[in-house]
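Biologist: Please walk me through this one. Start with the words I need.

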Amino acid sequence: TDRREKERLSCKEREREREREGGREREGGRESPAARLFREPPRPDEMLERLAGECDVETPYGFVHVTIHGTPRGNRPVILTYHDVGMNHKSCFDSLFKFDDMLEITKNFVVCHLDAPGQQEGSAPFPTAYEYPSMEQLCEMVTCVLQYFNFRSIIGVGVGAGAYILAMFARFSPDLVEGLVLLNIDPNAKGWMDWAASKITGLTSSLSDVILAHLFSQEELANSAGAVSTYRSFLTDGHFLSNAELFWNSYNSRRDLEIERDGGGSLKCPVMLVVGDQAPHEDTVVECNSKLDPTQTSFLKMADAGGQPQISQPGKLTEAFKYFVQGMGYIPHLVDRRLSVGAVPSAGMTRLSRSRTTSLSGASVDGSGGRSRTLSQGSDGLPLGPGAPHTMEVSC
């Protein structure tokens, strides 16, 4: 318990101590970078400089690579992404965030991509004795990034390990998170059976094969789909795999997020859970859905999406994300690039065109009672009434 309490110390508290140390250094004519960073808020001209391109942000646990697009618009939250093991922000999110319809959404926000330490392109291998940050420490690094850029709140988009980190961040800093889109999340610690299975698998399979099995469905692996071949080459290119192994070991040492539907363990913000049909993490995402507040949660199970829906089905995920953001009250009007008839008013889960999604109805289990909830639609493709349940399964 004492160890967990120490791990839950916020980055801000740690940086206050670093600032005090920096103050003592300034008395001797020296000033630490952390002291300069948190001594005072950045000037507007500094913010514009920081909100451009890529940079490495110093934290108590090392540097985190940050890539930013867009300019601030009022008090809107920042869309912040975090990738999975075996990926970086480009390999994980380029297919989604470079999709034409997604660009129509993101032009209204600042988009901030985080790369876990050592996972960005061109990163150098870590020294042999390097101790990789724990998942709790990676979570605290997110806080440091928000402080560095003076971001007030985020809409988090995470995949796998990144989804776990952002969910933990929302647990510890609920006031900083306005919404979460979590793909392939596993909020549970690995049990003894999981540990034993991974040890056996490690004896019979290479690390790259183990990570690929984490990322893709068995069908995709058996068929050697294009994405599988691409990521196999990506993992074995240069020294990336050695750095990815450290991130992988940190993720496998995660603790249970202890998410509960009632009480203090629930996520306080709107959440959209996403998983592909037959994906390796389908069961854990379904379990996570059963632990979340049904009035705040949307559950999307995407057919023909495999293990990485943001790569295989960027169009469908973009549409779901658009509804999610509109339901939060942002971007009240969006132009449908395919209709060319002007702006389309928003609704909590309004569909822009019936032809764009084969089905937006289904059922999800509502807790242990097994009761199902279904989203109903009228003939125009709109949800029926404001009382329609937020928890649903979308089969698209």
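Modeller: Buried means under 20% relative accessible area, exposed means over 50%, and partly exposed is in between (1.4 Å probe, protein chains only). This is a predicted model: local features need pLDDT of at least 70, side-chain atom pairs count only at pLDDT 80 or more, and totals for chains, interfaces and linings use all residues. Residues are numbered from 1 along each chain as its sequence is written, and side-chain values use heavy atoms, with hydrogens and water left out.

Biologist: Okay. Is Glu258 buried, exposed or partly exposed?

Modeller: Glu258 counts as partly exposed, because its relative accessibility is 33%. Glu258 sits in the loop between helix 13 (240-252) and strand 7 (271-276). Here helices (H or I, at least four residues) and strands (E, at least two) are DSSP runs, numbered from the N terminus.

Biologist: What is the phi of Glu258?

Modeller: Phi there is near 55°, a positive value in a residue other than glycine. Most residues other than glycine have a negative phi. Gln278 is another non-glycine with a positive phi, about 70°. Gln278 belongs to the loop between strand 7 and helix 14 (282-291). Gln278 is exposed, because its relative accessible area is 55%.

Biologist: Let's zoom out. How many helices and strands does the protein have?

Modeller: The count is 16 helices and 13 strands. The protein has 396 residues, and 50% of them are buried. Take the contacts (heavy atoms within 4.5 Å). Of those with a separation of 6 or more, 72% join residues 24 or more positions apart.

Biologist: Which residues touch the most other members of the largest nonpolar core?

Modeller: Val66, Tyr82, Cys112, Leu180, Phe247, Leu273 and Phe321 do, out of 91 residues in that core. A nonpolar core is a set of buried Ala, Val, Leu, Ile, Met, Phe, Trp, Tyr and Cys residues joined through side-chain atoms within 4.5 Å. In soluble globular proteins, nonpolar side chains tend to be buried together.

Biologist: What does Phe247 contact, leaving aside neighbours within four places in sequence?

Modeller: Its contacts include Tyr82, Asp84, Ala116, Leu138 and Ile165. Ring pairs also link Phe247 into a cluster with Phe126, Tyr130 and Tyr132.

Biologist: How many aromatic pairs are there in the whole structure?

Modeller: The search finds 13. Rings of Phe, Tyr and Trp (its six-membered ring) pair if their centres lie within 6.5 Å; planes under 30 degrees apart count as stacked, over 60 as edge-to-face and the rest as tilted.

Biologist: Why does the pair of Phe109 and Tyr330 tie together parts that are apart in sequence?

Modeller: Phe109 lies in the loop between helix 6 (100-106) and strand 4 (111-115), and Tyr330 in the loop between helix 16 (314-327) and strand 9 (333-335), so the pair joins parts 221 residues apart in sequence. Phe109 is buried at 2% relative accessible area. Tyr330 also counts as buried, at 15%.

Biologist: What lies over the face of Phe109?

Modeller: Arg76 does, at 5.6 Å from the ring centre. A charge sits over a ring if NZ of Lys or CZ of Arg is within 6 Å of the ring centre and within 35 degrees of the ring normal. The charged end of Arg254 likewise sits over the ring of Tyr251, 4.1 Å from its centre.

Biologist: New topic. Is strand 6 mostly covered or mostly uncovered?

Modeller: Strand 6 (residues 177-183) is mostly covered, with six of its seven residues buried. Strand 6 runs parallel to strand 5 (residues 154-159), and six bridges join them. Two strands pair if DSSP finds at least two bridges between them.

Biologist: Where is Val181 found?

Modeller: Val181 is in strand 6. Val181 counts as buried because its relative accessibility is 2%. Beyond four places in sequence, Val181 touches Gly156, Val157, Gly158, Met272, Val274, Phe321 and Phe324.

Biologist: Last one. How many residues of helix 7 are buried?

Modeller: Helix 7 has 13 of its 15 residues buried. Helix 7 covers residues 135-149 and reaches 22 Å from its first C-alpha to its last, close to the expected 21 Å. The expected span is 1.5 Å times one less than the number of residues. Asn150 follows helix 7, and its phi is positive, near 60°.
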